[in-house]
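Hello,

Here is the structure I promised to pass on to you.

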Amino acid sequence: MVIVDQSSHSKHAMMWALTHVTNKGDILTLLHIVSSSCKGSSSPYLATTLGSLCKACKPEVEVEALVIQGPKMGTVMSQVKKLEVSVLVLGQKKPSPFLNCLFLKSSTEEFVEQCINSLECLTIGVRKQSKGVSGYLISTRWHKNFWLLA
């Protein structure tokens with residue numbers, strides 16, 4: 001399962017999961033969570049578009065796109081359990097230098113860490129390296145910002 005949204009880091013995570021985690025016959029679930037206050041019509045469109053992109057890139061993998069309204073962490077926890085997810089992939093963005101100076105984390109960073117530390121399935125945070133540097137930084141419960149050249 002990959003948590004997707006409008007951000008580029010979630011799209012990088014989706015493509016990473018498609019190329020590094022999925023195999024022929026696997027099911028890749030794209031989960032887009034919509035908060036109760038955001039009732040945008042682009043949500044189903046986003047999930048459908050990303051699902052089509054996955055099918056075009058790797059047709060041997062079954063792709064399902066879910067759009068669920070609710071609290072982010074609670075929705076992820078319930079879907080991981082309900083769908084018996086074995087691997088959850090989340091996109092990470094580069095930490096803000098300003099917040100780092102204050103020893104603070106963005107809500108996105110906190111969400112990724114909370115998922116990594118509390119879900120029972122293998123949870124992987126994926127961040128594309130900076131421009132000019134290839135590879136990804138991978139974070140799991142056991143490794144933080146592990147550089148993977150791929």
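This is a predicted model: local features need pLDDT of at least 70, side-chain atom pairs count only at pLDDT 80 or more; totals for chains, interfaces and linings use all residues.

**Overall fold**

The protein has 5 helices and 7 strands. Going along the sequence, they follow the pattern β-α-β-α-β-α-β-α-α-β-β-β. Of the 150 residues in the protein, 41% are buried. Among contacts with a separation of 6 or more, 62% are between residues 24 or more positions apart.

**The nonpolar cores**

The largest nonpolar core has 20 residues, and V2, L30, V89 and V126 have the most contacts inside it. At least two residues of this core come from each of α1 (8-20), β2, α2 (42-57), β4 (87-91), β5 (122-128) and β6 (136-139). The largest share, 5 residues, is supplied by α1. There is also a second, separate core of 16 residues, which includes I3, L31, I33 and C115. As general background, nonpolar side chains in soluble globular proteins tend to be buried together.

Two residues make handy starting points for looking at the packing. Leaving aside residues up to four places away in sequence, L30 touches V2, V4, M14, A47, L50, G51, C54, V63, E64, A65 and L66. L28 is found in strand β2, which covers residues 27-34. Is L28 buried or exposed? L28 counts as buried because its relative accessible area is 2%, and the cut-off for buried is under 20%. L28 and V87 are 59 residues apart in sequence, yet 9.7 Å separates them in space, C-alpha to C-alpha.

**The largest pocket**

If you are thinking about grids or probes, this part may interest you. The largest pocket has a volume of about 290 Å³. It is lined by 16 residues, of which M1, I27, V85, S86 and V87 are the closest to its centre. Which elements give two or more residues to this lining? They are β2 and β4, and the largest share, 3 residues, comes from β2. By class, the lining has 10 nonpolar, 3 polar and 3 charged residues.

- S7 sits in the loop between β1 (2-3) and α1. S7 counts as buried because its relative accessibility is 17%, under the 20% cut-off. The side chains of S7 and D5 are joined by a polar contact of 2.4 Å.
- V67 belongs to strand β3, residues 62-69. At 35% relative accessibility, V67 is partly exposed. V67 and V4 are 63 residues apart in sequence and 9.6 Å apart in space, again C-alpha to C-alpha.
- E84 lies in the loop between α3 (72-82) and β4. E84 counts as exposed because its relative accessibility is 70%, and exposed means over 50%. Its phi is near 50°, a positive value in a residue other than glycine.

Best wishes

How values were computed: Residues are numbered from 1 along each chain as its sequence is written. Side-chain values use heavy atoms; hydrogens and water are left out. Helices (H or I, at least four residues) and strands (E, at least two) are DSSP runs, numbered from the N terminus. Buried means under 20% relative accessible area, exposed over 50%, partly exposed in between (1.4 Å probe, protein chains only). A nonpolar core is a set of buried Ala, Val, Leu, Ile, Met, Phe, Trp, Tyr and Cys residues joined through side-chain atoms within 4.5 Å. Contact means heavy atoms within 4.5 Å. On a 1 Å grid over the protein atoms alone, a cavity is a set of points where a 1.4 Å probe fits but cannot get out, and a pocket is an open set with protein on both sides within 12 Å along at least five of seven lines; lining residues have an atom within 4 Å of a point. Grid points are joined across faces, edges and corners, and a volume is the space filled by probe spheres set on the points. Ala, Val, Leu, Ile, Met, Phe, Trp, Tyr, Cys and Pro count as nonpolar, Asp, Glu, Lys and Arg as charged, and the others, Gly among them, as polar. A polar contact is a pair of N or O atoms within 3.5 Å; within protein, one must be able to donate a hydrogen and the other to accept it, and residues adjacent in sequence count only if both atoms are side-chain atoms.
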